[in-house]
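My entries follow in the order in which I checked things.

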Amino acid sequence: MSEKTIDRLASATPVRVARKVKGLSDRAIAWIFVGPTIFLLLAINIFPLLWTINLSFTNFKANRLNREVKYIGLRNYERILGDADVWLSMQATAHFLFWTLFFQVLIGFTLAWLINKKFRGNDLWTTIIVLPMMLSPAVVGNFWTFLYQPQIGLFNYIMTFFTGADPSSFDMLGSVDLAPWAIVIVDTWMWTPFVMLICLAGLRSIPDYIYEAAEIDRASKLRQFFTITVPMVLPFLMLAILFRGIENFKMFDLVVQLTGGGPGSITEMASINLKREAFEKWRTGYSSAFAIILFVTVFGLASVYVKALNKVKER
Amino acid sequence: MIRFIKGLFTLRRGPWELVATLLIGCGVFMLMQPFVLWAYTYSFIVTLTGTVMFIIVSHFPEQE
């Protein structure tokens with residue numbers, strides 16, 4: 001800032017304000033700037049978390065505000081951790097989490113590697129590939145429901161082309177065996193571009209001279225890939241896995257739109273189960289305990305993961 | 001191995017973080033495995049112990 005500007009600002013400051021600020025230390029001024037953010041953080045994040053922990057030890061029901069709230073100790077936790085239905089929802093979450101991450105990383109990295117090659121129409125292809133990510137999950141859920149229709153759905157016809165099976169002989173969203181895979185396919189279709197973009201950033205950050213040095217040393221393409229490309233893209237890839245892992249652990253909208261947790265409860269993931277307990281059965285204390293269990297799990301995993309990520313970056 | 005055990009006794013970050021990480025990993029596996037219900041029942045306490053331990057031991061001094 002030029003001296004003139006500073007003088008202009010100083011003269012424009014009302015005398016009363018100037019007198020007040022003059023007596024403040026740098027530390028106090030810093031607190032004035034940071035204060036509102038800290039207040040918002042406390043109000044929006046920390047207070048609800050502490051309140052949820054408090055509620056998890058009670059029998060509170062949000063639809064019966066007049067009822068006396070009793071502290072029941074760890075009973076909510078005992079119930080959740082002994083409930084076979086919640087256990088099944090955790091397994092559904094694990095299946096979804098593992099396979100979406102596996103396919104997204106595999107396809108995302110491959111696409112990024114291909115897009116990174118210089119060819120005609122490179123930018124156009126990048127734009128086309130990134131399109132699904134820009135759509136709303138509600139829209140994606142809706143049109144994939146049509147694609148999966150056994151009678152008129154395009155997906156079944158494409159599968160028929162490859163397998164020869166009758167298109168109306170299988171229902172992706174209505175079959176107990178196929179529904180978990182149906183949601184994995186949709187999430188992979190929607191979010192692979194995200195992983196691809198992050199990997200592409202990693203690939204483009206590798207300087208060409210490293211490959212040139214490897215060429216001079218007569219390193220094969222395969223060796224270059226495993227000793228240069230993979231280690232240098234790894235921090236980016238790990239970041240993508242962290243983002244997608246946390247997102248998919250609490251996946252809700254897409255699955256509700258596609259299957260609603262069915263058929264039966266085969267695709268009822270932890271977040272859907274939690275929503276049912278909280279806003280359909282109105283067991284607020286129970287669902288608070290459930291939310292805390294999920295929070296601790298994600299927090300623990302994320303802490304370890306961030307530590308590993310930092311170690312990889314240091315290398 | 002001796003270095004690891006020594007690190008545990010002298011409260012060094014590296015070995016203790018490894019123990020906490022193993023506990024978290026074990027807890028998450030127990031939570032999501034489809035084999036035995038009792039493992040699921042005790043998964044939360046294992047994960048919680050690991051997470052709290054991880055937060056505490058992150059402040060321990062580094063191993064030389």
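I count two residues as in contact if their C-beta atoms, placed from the backbone, lie within 7 Å. This is a predicted model, in which local features need pLDDT of at least 70 and side-chain atom pairs count only at pLDDT 80 or more, while totals for chains, interfaces and linings use all residues. Residues are numbered from 1 along each chain as its sequence is written, and chains are lettered from A and ligands numbered from 1 in the order in which they are written.

Entry: the interface. I looked up chain B against chain A and found 15 residues of chain B in contact with 17 residues of chain A. Helices here are DSSP runs (H or I, at least four residues), numbered from the N terminus. On the side of chain B that touches chain A, α2 (13-32), α3 (37-41) and α4 (43-57) of chain B each supply at least two residues. The largest share, six residues, is from α4(B). By type, this side of chain B has 10 nonpolar residues, five polar and no charged.

Entry: α1 and α2 of chain B. I took axes as lines fitted to C-alpha atoms, for helices over the stretch in contact, with angles from 0 to 180 degrees between N-to-C directions. The axes of α1 (residues 2-9) of chain B and α2(B) come within 7 Å and cross at roughly 95°. I therefore noted α1(B) as roughly perpendicular to α2(B) (65 to 115 degrees). Phe4(B), Gly7(B) and Leu8(B) of α1(B) make the contact with Gly14(B), Pro15(B) and Trp16(B) of α2(B). Four of the residues in this contact are nonpolar, two polar and none charged.

Entry: α9 and α11 of chain A. The axes of α9(A) and α11 (residues 221-249) of chain A come within 8 Å and cross at roughly 150°. I therefore put α9(A) down as roughly antiparallel to α11(A) (over 145 degrees). Residues of α9(A) in this contact include Trp191(A), Phe194(A) and Ile198(A), and those of α11(A) include Phe236(A), Leu237(A) and Arg244(A). The contact divides into 13 nonpolar residues, two polar and two charged.

Entry: Ala182(A). Leaving aside neighbours within four places in sequence, I found Ala182(A) in contact with Tyr148(A), Met172(A), Leu173(A) and Leu258(A).

Technical notes. Ala, Val, Leu, Ile, Met, Phe, Trp, Tyr, Cys and Pro count as nonpolar, Asp, Glu, Lys and Arg as charged, and the others, Gly among them, as polar. Angles under 35 degrees count as roughly parallel, over 145 as roughly antiparallel, 65 to 115 as roughly perpendicular and the rest as oblique.
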